[in-house]
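Hi there,

Here is the structure I promised to pass on to you. Have a look at it first, and then read my notes below.

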Amino acid sequence: MTDYLVKALAYDGFVRAYAVNATETIAEAQRRHDTWNTASAALGRTMIGGLMLGATLKGEDKLTIKIDGNGPAGGIVVDSNGKGDVKGYIKNTHLSLPLNEIGKLDVRGAVGTEGMLTVIKDLGLKEPFSGQTPIVSGEIGEDFTYYLAVSEQIPSAVGVSVLVDTDDSIKTAGGFMIQIMPGAEDEVIDQIEERLKETTRISSLLDEGQTPEEILQRLLGTNDVEFLEKMPVQFKCDCSKEKFGAAIISLGPDEIQAMIDEDHGAEAVCTFCNNKYKYSEADLLELKREAMGEL
Ligand SMILES: [Zn+2]
């Protein structure tokens, strides 16, 4: 199990913390979408944030994150759940910007500095919960931090990072999320803030071979960390030929007949995972019969 997320408590339960190694997960997203380096970092960072926000949910509950900025990335959408599954896409996959002033991938340049971050949580209730905050940085980690502070009133620190190799493959990817519970001592907060300033990017720590557990102990500045759970995480899409078939049925019999007459078949492509589903004329005829209520 290379990709996993750990949940932990520290400082007598006043600090809740998460860390994740998502290298294989982000590598799969990169391969499926054929993203170039800046796009990989922007999508990967959002997916890592999605995994950690997802880890705060119960198993079947799920959430969607949308980042709509004014940069050339053109929009990022990520779905995750409480079981460690994540999927996502970025509109402009072939995006490779010059490195920024500190020699890192220019995620801010890709996302933009104006726009919105939206989180929609489906908690199995009648109405989904939805929260939205403006993009404050475009580097994504700080945007999640701001979202949590303002929309969910949880003082947090979120770090998400992706190390992309020269051939565009993903070298490492991971993140952390530290949340301060009400009543925490100021000195605890100060100490963690100091540690965060001193700590290099998570992707670099993972590249050095550090585990999520070791990274959390380092970030929190204490060995007194209680690890509550270790959960595998993975890229997973729930699409299927049947699901896209249902979407075709909803177009109605006339539209399906037009697909048969004009194209002699149909192909559906999943925007989240890039899987392709082909429908032959016979498949379409069957879907048409279903649309007409004959099956
Ligand atoms: Zn899919």
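**What I found**

Helices H1 and H2 are oblique to each other, a word for angles that are not under 35 degrees (roughly parallel), over 145 (roughly antiparallel) or 65 to 115 (roughly perpendicular). Their packing angle is about 135°, and their axes lie 10 Å apart; such axes are lines fitted to C-alpha atoms, for helices over the stretch in contact, with angles from 0 to 180 degrees between N-to-C directions. H2 covers residues 37–54, and H1 covers 23–33. Helices (H or I, at least four residues) and strands (E, at least two) are DSSP runs, numbered from the N terminus.

Before going on, please note that this is a predicted model: local features need pLDDT of at least 70, side-chain atom pairs count only at pLDDT 80 or more, and totals for chains, interfaces and linings use all residues. Residues are numbered from 1 along each chain as its sequence is written.

On the H1 side, Thr25, Ile26, Ala29 and Gln30 take part, and they meet Ser40, Leu43, Gly44 and Met47 of H2. Two residues are in contact if their C-beta atoms, placed from the backbone, lie within 7 Å. This contact has 4 nonpolar, 4 polar and no charged residues. Here Ala, Val, Leu, Ile, Met, Phe, Trp, Tyr, Cys and Pro count as nonpolar, Asp, Glu, Lys and Arg as charged, and the others, Gly among them, as polar.

**The whole chain**

The protein chain contains 10 helices and 13 strands. Its C-alpha trace spans about 70 × 45 × 35 Å along the principal axes.

**Two domains**

The domain assignment gives domain 1 (4–235) and domain 2 (241–292), with bounds that come from an automatic or database assignment. Their centres, taken over C-alpha atoms, are 36 Å apart. Where they touch, 6 residues of domain 1 are in contact with 4 residues of domain 2. H1 and strand E5 (85–90) each supply at least two residues of the domain 1 side, and E5 gives the most, with 3 residues. That side divides into 1 nonpolar, 2 polar and 3 charged residues.

**Two partners of H10**

Which helices have axes that come within 9 Å of H10? H8 (residues 241–249) is one of them, crossing H10 (residues 281–291) at roughly 60°, which makes H8 oblique to H10. The crossing of H8 and H10 is right-handed. Gly245, Ile248 and Ile249 of H8 make the contact with Leu287, Glu290 and Ala291 of H10.

H9 (residues 253–263) also comes within 9 Å of H10, axis to axis, and crosses at roughly 170°, so H9 is roughly antiparallel to H10. Residues that meet there include Ile256 and Ile260 in H9 and Leu284 and Leu287 in H10. The contact of H9 with H10 divides into 8 nonpolar, 1 polar and 2 charged residues.

Enjoy exploring!

How values were computed. Left-handed = near helix turned anticlockwise from the far one by under 90°.
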